[in-house]
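Visitor: Please show me the model. I would like to know what stands behind each label you use.

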Amino acid sequence: MNAIQRLGLGLAALGRPAYINVGRANDLPHDRSVEAMREATWNVLDAAYTAGIRWVDAARSYGRAEEFLGGWLAERAPEDVTVSSKWGYTYVGDWKTDAPVHEVKEHVLERYRVQYEETRGFLDGYLSVYQVHSLTEDSPLFRDVRLQEALAEAAAEGVRVGFSTSGPRQRDTIRRALELQVDGQRLFSAVQSTWNVLEPSAEYALRDAHDEGLLVLLKEVLANGRLAVRPPGAVRAIASRKGVQPDALALAAALSRVWADTVLIGAVSTAQLASNLAATEVVLDGDEREILSGLGVPPERYWAERSALPWT
């Protein structure tokens with residue numbers, strides 16, 4: 001599989017007017033209206049598809065991302081696009097950039113049933129992977145047998161059931177989730193986790209998950225834009241030698257992980273997408289990989305800094 005086939009487009013920053021990505025504001029429509037954001041989403045989807053990207057990732061909490069994507073799928077009718085989405089957070093931002101709360105998390109059976117039907121309404125016929133959004137070790141899902149059984153029903157119907165992770169204990173969450181079984185069968189067959197050169201702590205757990213047959217997706221590989229806008233000096237220096245921008249270098253580092261099946265990019269404009277796609281032409285040598293591997297910071301620090309990012 002070539003590099004472009006391993007890329008997927010994530011819609012977290014396109015489906016709603018506010019998000020925590022750094023370097024996003026100037027590339028989005030000025031008024032952030034529903035119509036303008038829909039047009040921006042379709043433009044990026046068209047460009048990504050033309051470039052060869054065939055995976056798109058959304059979530060119930062990404063504002064109108066599923067609605068935008070569903071409309072694009074209905075209009076373009078592609079036969080070779082894989083769609084993943086997530087449940088567990090509800091968007092409550094009321095399409096305001098300054099909303100006091102933008103999303104609310106709830107890992108309970110009722111929320112799953114409601115959101116699964118909503119997702120199918122927008123994406124049915126294309127939905128291939130449905131994930132628990134931001135699973136953590138303390139999620140009630142680990143104790144809720146009825147919820148686990150409901151997820152297993154979706155798996156039996158042909159939807160790959162997965163989970164995404166966030167927070168400083170991603171690797172522990174991954175290992176615990178791998179142990180979940182329903183009727184003697186492993187519940188999850190996909191995992192989506194944050195991995196980037198600043199936060200690589202889940203790497204060994206993700207590699208093990210891949211070796212055990214799970215589909216592995218990487219998210220936030222640009223650290224919510226920080227690696228593009230204010231990267232460490234080493235990232236900037238290596239990118240300059242390669243003739244690419246720091247965002248492409250950071251994405252190339254993710255693509256160098258052979259255990260990563262799909263690397264998600266969060267471009268909000270065709271210009272950002274074009275810069276991101278330069279990663280597919282970057283080959284890192286051993287010394288460069290070693291330098292990048294030394295940039296990781298303690299997970300607690302990374303996630304504290306991420307939590308402090310403003311919604312804009």
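Guide: Start with the word cavity. On a 1 Å grid over the protein atoms alone, a cavity is a set of points where a 1.4 Å probe fits but cannot get out; lining residues have an atom within 4 Å of a point. Grid points are joined across faces, edges and corners, and a volume is the space filled by probe spheres set on the points. The largest cavity here holds about 40 Å³. This is a predicted model, where local features need pLDDT of at least 70, side-chain atom pairs count only at pLDDT 80 or more, and totals for chains, interfaces and linings use all residues. Residues are numbered from 1 along each chain as its sequence is written, and side-chain values use heavy atoms, with hydrogens and water left out.

Visitor: What lines the largest cavity?

Guide: The lining is L9, L45, A48, Y49, I53, W55, V56, W72 and V81. Helices (H or I, at least four residues) and strands (E, at least two) are DSSP runs, numbered from the N terminus. The top contributor is α1, with 3 residues.

Visitor: What makes a space a pocket rather than a cavity?

Guide: A pocket is an open set of points with protein on both sides within 12 Å along at least five of seven lines. The largest pocket has a volume of about 1000 Å³. It is lined by 49 residues, with Y19, N21, E220, N224 and R306 closest to the centre. Elements giving two or more residues to this lining include β6 (127–135), α9 (246–255) and α12 (299–307). The lining splits into 21 nonpolar, 18 polar and 10 charged residues.

Visitor: And what is the volume of the second largest pocket?

Guide: That pocket has about 180 Å³. Of its 13 lining residues, R60, G63, R64, Y91 and F122 lie closest to its centre. Two or more residues come from each of α2 (65–76), β4 (89–91) and α3 (109–123). The lining counts 5 nonpolar, 3 polar and 5 charged residues.

Visitor: Why is S164 called buried?

Guide: Buried means under 20% relative accessible area, exposed over 50%, partly exposed in between (1.4 Å probe, protein chains only). S164 has 0%, so it is buried. This serine sits in strand β7 (residues 160–165). Contact means heavy atoms within 4.5 Å. Leaving aside neighbours within four places in sequence, S164 touches K86, Q131, V132, H133, S134, L135, Q192 and K219.

Visitor: How do you know that S164 has a polar contact with S134?

Guide: A polar contact is a pair of N or O atoms within 3.5 Å; within protein, one must be able to donate a hydrogen and the other to accept it, and residues adjacent in sequence count only if both atoms are side-chain atoms. A polar atom of the S164 side chain lies 2.7 Å from the backbone nitrogen of S134.

Visitor: Why does L206 count as buried?

Guide: Its relative accessibility is 0%, so L206 counts as buried. L206 belongs to helix α6 (residues 203–211). Beyond four places in sequence, its contacts are I174, V191, S193, V216, L218 and W259.

Visitor: How do you know that β12 pairs with β1?

Guide: Two strands pair if DSSP finds at least two bridges between them. Strand β1 (residues 7–10) and β12 have 3, and run parallel. L9 stands opposite I265. Strand β11 (residues 215–219) also pairs with β12 in the parallel sense, over 2 bridges. There, L218 stands opposite V263.

Visitor: What makes both faces of β12 covered?

Guide: T262 and L264 on one side are buried, as are V263 and I265 on the other.

Visitor: What is the phi of N224?

Guide: Phi of N224 is near 55°, a positive value in a residue other than glycine. N224 lies in the loop between β11 and α7. Its relative accessible area is 3%, so N224 is buried.

Conventions: Nonpolar A, V, L, I, M, F, W, Y, C, P; charged D, E, K, R; others polar.
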